[in-house]
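Here are my notes on the model, point by point. Please read them with the structure open.

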Amino acid sequence: MGSAFFIVWRESLEAVLVVGILYAWVRRNDVPRGLAYLWGGVAGGIALAAALALAIFSIQSQLGGEALEYFQTTMIAIAAALIVQMVLWMRRHGRELQRDLERSAGAAASTGKLMGLAMLAAIAVGREGAETVIFLYGLGLERSGSDLAAFAGAAAAGLAAALLSAWILWRGALLLSWRTFFRVTGFVLLLLASGLIVNAVERLIGVEVLPALIDPLWDLSTILDDGDGLGQLVASFTGWRARPALLTVLVWAGYWLALAAALYPRRPRARVA
């Protein structure tokens, strides 16, 4: 449940940040009808995310057997890829986010085309909402019945926490800066992505698309069992497996090595004349 709470909290907070920047800009510049277009864009973004959720579940209802397994595995892989892309994008462009948003909003207002302001809000909310839908779908595949209800409750709590966190951050009552906040939560998101990747690899091994190589490579279930309690929480956040296949371990290690290369690229040494 903790993973669902965190995903919704982090994604919703990012959307609220963008809307908050645009809202403050509209109020500060007293743009006529600006708030109407802004809230219209927010509503449009929510509608886009809801449409995606409906499309995903409509497709799933038409599938069965191996086709359903492949579809679900693909969605899990897409969720992991989106998480990585989002974290890398925020790392590279987060500093200029407010300036770029205000510049785009100013361009829309100066030309009288406030639909551009609505589009900025719709894209921000729709993107974060769509990512949340895909993330929750990937995380919730293994849940059913009362467990699924608790999962939905955790997601709802994450949304409420995002609104509260945004209010606290805007008030300046949080010791962490926005930059530090997104760096810390971004790392947790990358941990979640590793768990999704492990899930996808295990599914492909299960349908014999990929070889396990050695299964299990080790057995540490007596130390930290991934099927219950603390071990299950660690597994959902990091991809930990007490009895992993060799291929799963290799993919997990490759994921973190690739991330390290992307996050901390080696700089060429200056030549000594």
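1. Where is the place of Leu217? Leu217 sits in the loop between α7 and α8 (229-238). The model is predicted, so read every point below with that in mind. Leu217 is partly exposed, at a relative accessible area of 30%.

2. Together with Leu213, Ile214, Trp218 and Leu250, Leu217 makes up a nonpolar surface patch. The accessible area of these residues together is about 440 Å².

3. Now the overall fold. The protein contains nine helices and zero strands. Along the sequence the pattern reads α-α-α-α-α-α-α-α-α. Of the contacts with a separation of 6 or more, 80% are between residues 24 or more positions apart.

4. Burial and surface come next. The protein has 273 residues, and buried ones make up 40% of them.

5. The largest nonpolar core has 59 residues. Within this core, Leu22, Ile83 and Leu189 touch the most other members. At least two residues of the core come from each of α1 (2-29), α2 (34-61), α3 (65-93), α4 (97-110), α5 (115-140), α6 (145-171), α7 (178-206) and α9 (246-263). The top contributor is α1, which gives 13 residues.

6. What does Ile83 touch, leaving aside residues up to four places away in sequence? The partners are Ile7, Phe135, Leu189, Leu190, Ala193 and Leu196.

7. Is Thr248 buried or exposed? Thr248 lies in helix α9. Its relative accessibility is 5%, so Thr248 counts as buried, the cut-off being under 20%. Beyond residues up to four places away in sequence, Thr248 touches Val198, Val201, Glu202 and Ile205.

8. Helix α8 deserves a brief look. Its buried residues are Gly231, Ala235 and Phe237. Just after α8, Gly239 adopts a positive phi of about 85°.

9. Now the aromatic rings. The structure holds four aromatic pairs. Tyr23 and Trp39 form one that is tilted, with 6.0 Å centre to centre and 45° between the planes. Tyr23 belongs to helix α1 and Trp39 to helix α2, so this pair ties together parts that are 16 residues apart in sequence. Tyr23 is partly exposed, at 30% relative accessibility. Trp39 is also partly exposed, at 45%.

10. Tyr255 and Trp256 form an edge-to-face pair. Their ring centres are 5.0 Å apart, and the angle between the planes is 80°. Tyr255 counts as buried because its relative accessibility is 10%, against a cut-off of under 20%. Which residues do ring pairs link into a cluster? They are Phe187, Trp252, Tyr255 and Trp256.

Methods: Residues numbered from 1 in each chain as written. Predicted model: local features only at pLDDT ≥ 70, side-chain atom pairs only at ≥ 80, totals over all residues. Heavy atoms only, no water. Core = buried A, V, L, I, M, F, W, Y, C linked by side-chain atoms within 4.5 Å. Buried < 20%, exposed > 50% of the residue type's maximum accessible area, 1.4 Å probe, protein only. Helix = DSSP H or I, 4+ residues; strand = E, 2+ residues; numbered from the N terminus. Contact = heavy atoms within 4.5 Å. Patch = residues over 30% accessible without salt bridge, like charges linked within 9 Å, V, L, I, M, F, W, Y side chains within 5 Å. Areas by Shrake-Rupley, 256 points an atom, 1.4 Å probe, with all protein chains shown as cover. Salt bridge = Lys/Arg side-chain N within 4 Å of Asp/Glu carboxyl O. Phe/Tyr/Trp six-rings, centres within 6.5 Å; stacked < 30°, edge-to-face > 60°.
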